[in-house]
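Thanks for coming, everyone. Please take a look at the model on the screen, and then I'll walk you through it.

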Amino acid sequence: MAPKTHPTGTGGGTGTGTGGGTGTGAGRSWIVVVFAGVAAGLQVWKLPPAVPFLRQDLSLTLVQAGTLLGIIQLAGMLGGLAISLLAELIGERRCLSGGLVLLFLGSAGGGFAWSAGSLLASRAVEGAGFILVVVTGPGLIRRSTPSGRLTTAMGFWGAYQGISTFAGLITGALVLQVVPWRVWWWAMAALVLVPLPWVLARVPHDDLAYVSRDDLAYAARDVPGRVPHDVPGRVPHDIPGRVPRDIPVGDPGDVPAARVPRENAGGGRGAASALARIGRTVRAPAPWVAGLVFACYTLPWMAVVGFLPTIYRDGGMAGSWPGVLSAVVGAANAIGSITTAALMKRGLPARALLVPAFVLMATTSLPAFAVDWHALPAGTTWQFLCVVAFSLTGGAIPATLLRMIGELTPAGGSAPATMGLIQQLFNTGSFVGPALAAWLATRTGGWHSTWWMTCACAVVGIALSLRLRSRVTAPVAATAAVAAPTPVEDRTTALTADGTTDCGAPQA
């Protein structure tokens, strides 16, 4: 048994949460990660309210504007798995911090853009930073959040896009009435650096993990062959001998962090081990199915919400109202995601959330775009309510899928690779959606054909969702006896949190 000493920084279970996020402060570090996600998302949603000004200043076509909306997703389309390898080698916290820096550089450079091409290049840099943040964010939350708060934390992470949509659209609509779009770009560059000091101070280092009440560690990676199949809920592993086992446990689900050495960090051996984990993940079908489900959601949502200010202006709406109403639509998405987290904590299966969400997205987008609301009394109001319902119900999809990341990761696989693969497919939908909507509007002479795209994506999303098995896990008693797994060799081993769930949380 390891010597009876407390992990550095826990202070016997009453740590301050600084200096790497140990102690009770680590239990709140998920808030910092969500804040970083919102700051990254703002770089996406600063663009829609600026599209009219960009088209006038840089002579952009509608299709070029659609490409600008999606180009930030291009890095995610191409580099999600590469980012997961980087996260495996240098750690998720370092990747997230680097992503914030790249977002700053891209946004600051975009303020000096003189043409569509230079602005596209700056958006590509922002895209690289964006993918670093969004691929590593869920893993950091899973690794540093006590199990009793994990579903809530993942629900808020699923809402980061809706929150950033609301903040970006409503602020942009107001600010761009009084300042040039270049000043807006530079302001967003400064804003993205705000979470960085908090990330460095509050988010646990890449070799920290929570230790549960049953004396088992949960960290960022899996160890093949160490999962007892008769233990529902969490995926336990032996704690290496060097990890202290006498960490004080107070309130269940708020257990201090312990230091768990990383597996073969750095060097060729570490890269080979990481590539093997990523290979197992890529060969598994579940991450692919989940990623395609995610793409079926984000393609129509990004297209509709991204062009909503333009749609309203084309309909004759003036002033800041197009941006304000579009911001409300984004906020509805965040509300849907957070509400979904509360439903999952009550044990509602994933399929019971995904399929109805797609059905409602289709049934609300059909009247929103197929009907000529301008010819009806209060038509704009009714169309707006339909789009709000479309966004609200769609919020259930990211919250559900992100909460399932652990169970979607195969044994011996990589949670960052699962997220990276899903993010690649997610970003493919985000990239294609605005460009496809702009193409449809150009070919048909208006936005009334948008429902073709939203309904087709919903049908495919339903078919794929039915392939994701769902089950409700039983509670894991804190004092339950767990059959001891085969001892893990005492070496630089990183343990997994991928299967950690709340009592009654749904799994894939």
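One term before we start: buried means under 20% relative accessible area, exposed means over 50%, and partly exposed is in between, with a 1.4 Å probe and protein chains only. Next, the ground rules. This is a predicted model, where local features need pLDDT of at least 70, side-chain atom pairs count only at pLDDT 80 or more, and totals for chains, interfaces and linings use all residues. Residues are numbered from 1 along each chain as its sequence is written, and side-chain values use heavy atoms, with hydrogens and water left out.

Let's begin with charges. Side chains of opposite charge can pair when their charged atoms come close. For a salt bridge, I require a side-chain nitrogen of Lys or Arg within 4 Å of a carboxyl oxygen of Asp or Glu. How many salt bridges does a search of the whole structure find? The search finds 3.

Take E126 and K46. Their side chains meet in a salt bridge, at 2.9 Å from N to O. This pair links distant parts of the chain: E126 sits in helix α6, K46 sits in the loop between α1 and α2, and they are 80 residues apart. When I say helix or strand, I mean DSSP runs, numbered from the N terminus: H or I with at least four residues for helices, E with at least two for strands. Are E126 and K46 buried or exposed? Both are buried.

E126 has another partner. Its side chain also meets R123 in a salt bridge, 3.6 Å from N to O. E126 and R123 are 3 residues apart in helix α6, so about one helical turn separates them. The general rule is that an α-helix has 3.6 residues a turn, so residues three or four places apart point the same way. R123 is buried, as is E126. Put together, K46, R123 and E126 are linked in a network of salt bridges.

Now R182 and D57. They form a salt bridge too, with the closest N and O atoms 3.7 Å apart. R182 lies in helix α9 and D57 in helix α2, so this pair ties together parts 125 residues apart in sequence. R182 counts as partly exposed, at 23% relative accessibility. D57 is partly exposed as well, at 41%.

On to the rings. A pair of aromatic rings is described by the distance of the centres and the angle of the planes. Rings of Phe, Tyr and Trp (its six-membered ring) pair if their centres lie within 6.5 Å; planes under 30 degrees apart count as stacked, over 60 as edge-to-face, and the rest as tilted. The whole structure has 11 aromatic pairs by that search.

One of them is W30 with F156, a tilted pair, 5.7 Å centre to centre with 45° between the planes. W30 is in helix α1 and F156 in helix α7, 126 residues apart, so distant parts of the chain are linked. W30 counts as buried, at 12% relative accessibility. F156 is partly exposed, at 28%. Then there are W451 and W452: ring centres 6.5 Å apart, planes at 80°, so the pair is edge-to-face. W451 is partly exposed, at 29% relative accessibility. W452 is partly exposed, at 43%. There is also a cluster: W45, F294, Y297, W301 and F426 form one aromatic cluster.

Next stop, helix α5. This helix has 19 residues and reaches 27 Å from its first C-alpha to its last, close to the 27 Å expected at 1.5 Å a residue. That expected span is 1.5 Å times one less than the number of residues. Buried residues in α5 include C95, L96, L100 and L103. What covers the buried residues of α5? The cover includes α1, α4, α6, α9, α10 and α18.

V101 is also found in α5. V101 is partly exposed, with a relative accessible area of 34%.

Two last residues. S29 is in helix α1. S29 is buried, with a relative accessible area of 0%. Leaving aside residues up to four places away in sequence, S29 touches S144, R202, V203 and P204. Contact here means heavy atoms within 4.5 Å.

A411 is in the loop between α17 and α18. A411 counts as exposed, at 59% relative accessibility. A411 and T281 are 130 residues apart in sequence, and 8.6 Å apart in space, C-alpha to C-alpha. That's my tour; thank you.
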